[in-house]
Amino acid sequence: MADDRKKLSMTLGESLRQQGVSRRGFLKYCAATASMMALPPTMVPAIAQALEKAKRPSVIWLSFQECTGCTESLTRSHSPSVENLIFDHISLDYHHTLQVASGDAAEAAREAAMHENEGKYIVVVDGSIPLANPGYSSIAGISNLQMLEETVAGAAAVVAVGSCAAFGGLPHANPNPTGAVSVGEIVKDKPVVNVSGCPPIPTVITGVLAHFLTFGSLPELDALGRPMVFFGQSIHDRCYRRPFYDKGLFAETFDDEGARKGWCLFRLGCKGPMTYNACATAKWNQGTSWPVESGHGCLGCSEPDFWDAGGFYNALSIPDSDLTRKTGYVVGAGVALGAAAGALNRSTRAKAAAKHETVTIDDLDKKS
Amino acid sequence: MSTSIDFLLWVRGPGFDIALFIFVVGVLIRLLEVLILGRKPDYSEPRGAELGAGLLTLVTRTAPEGGSFKRSPFTVVGGYIWHIGFLVSLFLFVPHIELIDSVLGIRWPGIASNLVDAIAAVTIVTLVAMLFSRLTHPVKRFLSGPEDYLTWVVTFLPMLTGYLAYHRMIDPYPLVLGLHILSVELLMVLFPFTKLMHAFTFIIARWYNGAMAGRRGVQS
């Protein structure tokens, strides 16, 4: 217990040093964070100073309709790293997957964190919230909606992690049987940051937290509530295959000559042009690779409704419907209507011809 | 949630279905109306063949008649440039070929995207110049009605929005891509009911003139 209190009062810098993180490693993380957040190099010492002195902020992590992929992404991808240690050294007071406590003790921990840090704690949410029926997803007999509303009431900010929390994600996909909605559709009176992705990039999650610890505020957001620094550019704009798009060189299959040469994957369904994320620059697995580099087109997982945006393997320019079948019906309808209109025209002409009175020479003579 | 993605999904989904229906049904009605009406039987003795002359006229009428070129070279040259530029942008840009393949099941090789881009830029400039000429030339202006300006707008918008989308000049991209698709849908909807139908009927008209002249044994 005494250890826990001591740990809580430690600054992030002290905590990192205790974990054996070198000054050099720490500064490297600060420089990378500054770079990712598009801040000038002169800001690195300021970030280092702010992070070193920062106390561990209380974080309550709520998991609703989700697959735990976001937590898996965060905890496994870079371990062990400074990013993870930063995450370890926030005071993660409530998290289903990671906490030891269960049942009443777990819920008591959440309530204690809320009361002790009133107005200062951060709520991280992964998963969407079902509105059709509270019974679709509940924790300790509390519906997701109720838990979100009561937890957010005293929070400083809310971070919606993953596309389910940010935009509804898979549960929201048509026909959305649970009536799933995003965090932003419920929380209107607190700042909400959407860190979308299925899953989101771990360094982006820690980057948002680092920004909050450094500046005491949330980063600038785009129209969809995502941090501009990470979601300001599209996959297409930063893709190393982009020159092949410009040259009109496209892979036709996943293992053809073009695919092996790194040609553009547009024809294979890449949604890079409409997807805003940092995959191409931050990469995954300690900067090893990212989906397009490993030979698969971008699914557009950080965009709203990406499950409903047509087939993953259909090119972006293909309309989202069964066109071949529909075209057949439409041509049939057109031929039938055209034939009817043509027949009507013929009949009109025939009637006009029938009504026409032929004038003979004799008729003209009579008139004159 | 009403986002640019929602807009894009609508124009790629129900919007495209509606436009495709109106386009295909409208074009077939217009064409069948003409074709089913038929021609009166010609009892005169033919002096030549219809087939060869009809086909030949389809080609020969594509070249400008000398007098027209001398009288208004700008109209002739400008007309060629933007028609060819429009067709290249429409049929040789790989994302468009993917669309045609998904509708008709046929495909062909595309050309480099940045070459299409350059041709599209020339086409856009030419279209603007053609409009300027129409507005300032007294005869052209006199001959132009509201429909001429409407067809110019619905032809110009897909070119402009396509260029903006390729260069990602409007953020976010789904919005500009959606606007591009919507502008094409507008073109498709108005196509059967305006002078734009000439894209199909020019074949019938040229064939008719050529075949008629061929049967009479005169040069078309």
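This is a predicted model: local features need pLDDT of at least 70, side-chain atom pairs count only at pLDDT 80 or more; totals for chains, interfaces and linings use all residues.
Me: How many bridges pair strand S7 of chain A with S9(A), and in which sense, parallel or antiparallel?
Reply: Strand S7 (residues 157–161) of chain A and S9(A) are paired over four bridges in the parallel sense, and within that pairing A:Val161 stands opposite A:Val195 of S9(A). Strands here are DSSP runs of E with at least two residues, helices are runs of H or I with at least four, and both are numbered from the N terminus; two strands pair if DSSP finds at least two bridges between them.

Me: OK, what is the strand order in the open sheet of chain A?
Reply: The sheet has five strands in the order S2-S1-S3-S7-S9, with parallel pairing. S2 and strand S9 (192–195) of chain A each have a single partner strand, so one side of each is left without a neighbour in the sheet. Neighbouring strands are turned by 25° against each other on average, direction ignored.

Me: And which helix packs on it, touching S1 and S2?
Reply: Helix H8 (residues 144–152) of chain A does, touching S1, S2, S3 and S7 of chain A, and its direction makes about 165° with that of S1(A). Helix H11 (residues 202–215) of chain A lies across S3, S7 and S9 of chain A, at about 155° to S9(A). Angles run from 0 to 180 degrees between N-to-C directions, with axes fitted to C-alpha atoms, for helices over the stretch in contact, where contact means heavy atoms within 4.5 Å.

Me: Is S1(A) covered or open on its faces?
Reply: Both faces are covered, with A:Ser58, A:Ile60 and A:Leu62 buried on one side and A:Val59, A:Trp61 and A:Ser63 buried on the other. Buried means under 20% relative accessible area, exposed over 50%, and partly exposed in between (1.4 Å probe, protein chains only). Strand S1 (residues 58–63) is joined by three bridges to S2 (residues 91–94) and by five to S3 (residues 122–126), and A:Leu62 has A:Val125 as its bridge partner in S3(A).

Me: Switching to the interface, how much area is buried between chain A and chain B?
Reply: About 3800 Å², of which carbon and sulfur atoms give 62%; buried area is the accessible area (1.4 Å probe) that two parts lose on being put together, summed over both. In chain A, A:Arg267, A:Tyr276 and A:Val330 lose the most area to chain B, together 14% of what that side buries. 50 residues of chain A are in contact with 42 of chain B.

Me: What does A:Arg267 meet in a salt bridge?
Reply: Its side chain meets that of A:Glu252 (2.6 Å, N to O), a salt bridge being a side-chain nitrogen of Lys or Arg within 4 Å of a carboxyl oxygen of Asp or Glu. A:Arg267 counts as buried at 12% relative accessibility, whereas A:Glu252 is partly exposed at 42%.

Me: And which salt bridge does B:Asp101 form?
Reply: B:Asp101 pairs with B:Arg107, the closest N and O atoms being 2.9 Å apart. Salt bridges that share partners join A:Glu252, A:Arg267, B:Glu98, B:Asp101 and B:Arg107 into one network.

Conventions
Residues are numbered from 1 along each chain as its sequence is written. Chains are lettered from A and ligands numbered from 1 in the order in which they are written. Side-chain values use heavy atoms; hydrogens and water are left out.
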